[in-house]
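Subject: Structure handover and notes

Hello,

Please find the structure below.

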Amino acid sequence: MSVIHHGVSRLEDKNFEHIAALKYPYILYVGLRHAFKNFQLFAVAFSLIAKRHPNLHVVCTREEFRPEELQLFHRLGIADRMHFRIADEPMLARLYYDALLFVFPSRYEGFGMPILEAMAYGCPCALSSTSSFPEIASDAAIYFPPDDAEA
């Protein structure tokens, strides 16, 4: 019996270098935003960071913001710094490549392929300290408790 580890393929730079970089520094969030994904806590955490870093933004992919998320952003004072981008494979590669940080705040996941994708593009990772994340990224990421916005 052999173990076959998960992996991802990295696009060559020539496949996404034609896509313009965003004009602001950003934290990247990739994926759906169901309750267990812990996105609301991440939004609260970002609102704390945003006070100290007025030029920092968040870019999210996969699904447009829901009305309750937009209301949360307004309440937290970060609505103008939360962005949704449709991301096919080349655009996602560009987003990972240029992001200051990839964040994955989920309380649990089956695996977490976006972690491998981020790492393939050299994007630093901040991950919830739960689920399989420490096993996936080991000491190549920083970790935070999933229920502590201050952390």
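A salt bridge here is a side-chain nitrogen of Lys or Arg within 4 Å of a carboxyl oxygen of Asp or Glu. Side chains of opposite charge can pair when their charged atoms come close. Before the details, a word on the source: this is a predicted model, in which local features need pLDDT of at least 70, side-chain atom pairs count only at pLDDT 80 or more, and totals for chains, interfaces and linings use all residues. Residues are numbered from 1 along each chain as its sequence is written, and side-chain values use heavy atoms, with hydrogens and water left out.

Salt bridges

The count by this rule is nine salt bridges. One of them joins Arg10 and Asp13, whose closest N and O atoms are 2.9 Å apart. To say where such residues sit, I use relative accessible area: buried means under 20%, exposed means over 50%, and partly exposed lies in between (1.4 Å probe, protein chains only). Arg10 is partly exposed, because its relative accessibility is 36%. Asp13 is also partly exposed, at 31%.

A second pair is Glu109 with Lys37, where the closest N and O atoms are 2.7 Å apart. This pair links distant parts of the chain, 72 residues apart: Glu109 is in the loop between β4 and α4, and Lys37 is in the loop between β1 and α1. Helices (H or I, at least four residues) and strands (E, at least two) are DSSP runs, numbered from the N terminus. Are Glu109 and Lys37 buried or exposed? Both Glu109 and Lys37 are buried.

Arg66 and Glu68 form another salt bridge, with 3.0 Å between the closest N and O atoms. Arg66 has a relative accessibility of 30% and so counts as partly exposed; Glu68, at 40%, is partly exposed as well. Arg66 and Glu68 also belong to a network of salt bridges that links them with Arg33, Glu63 and Glu69.

Overall layout

The protein has five helices and six strands. Along the sequence they follow the pattern β-α-β-α-β-α-β-α-β-α-β. The C-alpha atoms fill a box of roughly 55 × 35 × 25 Å, taken along the principal axes. Of the 151 residues, 44% are buried. A contact means heavy atoms within 4.5 Å. Among contacts with a separation of 6 or more, 65% are between residues 24 or more positions apart.

Helix α3 and the cores

Which residues of helix α3 (residues 89-98) are buried? They are Met91, Leu92, Ala93, Arg94, Leu95 and Tyr96. The cover over these buried residues includes β1 (26-29), β2 (57-60), β4 (101-104) and α4 (113-120). At the start of α3, a side-chain oxygen of Asp88 comes to within 3.0 Å of the backbone nitrogen of Met91.

A nonpolar core is a set of buried Ala, Val, Leu, Ile, Met, Phe, Trp, Tyr and Cys residues joined through side-chain atoms within 4.5 Å. The largest such core has 27 residues, and those that touch the most other members are Tyr26, Leu28, Tyr96, Phe102, Ile115 and Leu127. Two or more residues each come from β1, α3, β4, α4, β5 (125-128) and α5 (133-137). Helix α3 gives the most to this core, with five residues. Apart from this core lies another, of 18 residues, among them Ile27, Tyr29, Phe46 and Leu56.

Leaving out residues up to four places away in sequence, Ile115 touches Phe102, Phe104, Cys125, Leu127, Phe133, Ile136 and Ala137.

Ser47 is in helix α1 (residues 39-52). Ser47 is buried, because its relative accessible area is 6%. With residues up to four places away in sequence not counted, Ser47 touches Leu76 and Ile78.

Cysteines

A disulfide is a covalent bond between the sulfur atoms of two cysteines. The test used is a pair of cysteine sulfur atoms within 2.5 Å. How many disulfides does a search of the whole structure find? The search finds zero. Cys60 is in no disulfide, and the nearest cysteine sulfur, that of Cys123, is 13 Å away. Cys60 is buried, with a relative accessible area of 0%. For Cys123, the closest cysteine sulfur is that of Cys125, at 5.9 Å, which is too far for a bond. Cys123 counts as buried because its relative accessibility is 4%.

Regards

Terms used
A polar contact is a pair of N or O atoms within 3.5 Å; within protein, one must be able to donate a hydrogen and the other to accept it, and residues adjacent in sequence count only if both atoms are side-chain atoms.
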